[in-house]
Amino acid sequence: MSIVKRSIDAALAQRLVDAAIEVARAGGKPMCIAIMNEARQLKAYHAMDGAPFVSEDIAINKAWTVASFGIPTHAWWDFIKEDGPLLHGVVHTPRVVVYGGGYPIMEDGQMIGAIGVSGGHYTDDMGVARGALEALGLPVG
């Protein structure tokens, strides 16, 4: 038996990167932007000139976290903050990011990919990711 899954294509991934760059420029903060498909394959990536070096891995890991679990990275804190074993365990789980800047990319109710943005405070990262999704008329979850 098999299932049919939707997946983001390279063209949409690049359009999201381009939209995120425009939002980041408007905010005056250089960012790293990563787009993964639902299978956690990197489909598009861009580091704006002047973006912090550490933001590369963080942006990619935000997209990886979302693609792995299907929820925005900022939703993790509410999920784990009152659960001691989960709270202390997740910080030892490589690649999982529990602060904002990663969102699912949805199409007809199905996750087709993930966007991860890093370069500013996580609230700035969230704004750039949300702005890119909104610019292309995609749902922000």
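Q: Which residue stands opposite A34 in β2?
A: That's Y45. Strands here are DSSP runs of E with at least two residues, helices are runs of H or I with at least four, and both are numbered from the N terminus.

Q: What kind of model is this, and how are residues numbered?
A: It's a predicted model, where local features need pLDDT of at least 70 and side-chain atom pairs count only at pLDDT 80 or more, while totals for chains, interfaces and linings use all residues. Residues are numbered from 1 along each chain as its sequence is written, and side-chain values use heavy atoms, with hydrogens and water left out.

Q: Back to the strands. In which sense do β1 and β2 pair?
A: Antiparallel, over five bridges, with β1 at residues 32-37 and β2 at 42-47. Pairing takes at least two DSSP bridges between the strands.

Q: What's between them?
A: Four residues, making β1 and β2 a hairpin, and R40 in the turn has a positive phi of about 70°.

Q: What does the N37 side chain reach?
A: The backbone nitrogen of A39, at 2.9 Å. Leaving aside neighbours within four places in sequence, N37 is in contact (heavy atoms within 4.5 Å) with S7, I8, K43, A67, I112 and G113.

Q: Changing topic: how many aromatic pairs turn up in the whole structure?
A: Three. One of them is W76 with F79, edge-to-face at 5.7 Å centre to centre and 85° between the planes. Rings of Phe, Tyr and Trp (its six-membered ring) pair if their centres lie within 6.5 Å; planes under 30 degrees apart count as stacked, over 60 as edge-to-face and the rest as tilted.

Q: Where do W76 and F79 sit in α3?
A: They're three residues apart in that helix (residues 75-80), so about one helical turn separates them. W76 is buried at 5% relative accessibility, whereas F79 is exposed at 53%.

Q: And how is the Y99 and Y122 pair arranged?
A: Tilted, 6.4 Å centre to centre with 55° between the planes. Y99 lies in the loop between α4 (84-90) and β3 (102-107) and Y122 in α5 (residues 122-135), so the pair ties together parts 23 residues apart in sequence. Y99 is partly exposed at 36%, and Y122 is partly exposed at 37%.

Q: Which residues do ring pairs link into a cluster?
A: F69, W76 and F79.

Q: What covers its buried residues?
A: The cover of α2 includes β1, β2, α3, β3, β4 (110-118) and α5. Among the buried residues of α2 are I60, W64 and V66. Just after α2, G70 takes a positive phi of about 80°.

Q: Last one: which residues have the most contacts inside the largest nonpolar core?
A: I8, L16, I33, I35, I105 and I115, in a core of 25 residues. Such a core is a set of buried Ala, Val, Leu, Ile, Met, Phe, Trp, Tyr and Cys residues joined through side-chain atoms within 4.5 Å. The largest share of this core, eight residues, comes from α1.

Technical notes
Buried means under 20% relative accessible area, exposed over 50%, partly exposed in between (1.4 Å probe, protein chains only). A polar contact is a pair of N or O atoms within 3.5 Å; within protein, one must be able to donate a hydrogen and the other to accept it, and residues adjacent in sequence count only if both atoms are side-chain atoms.
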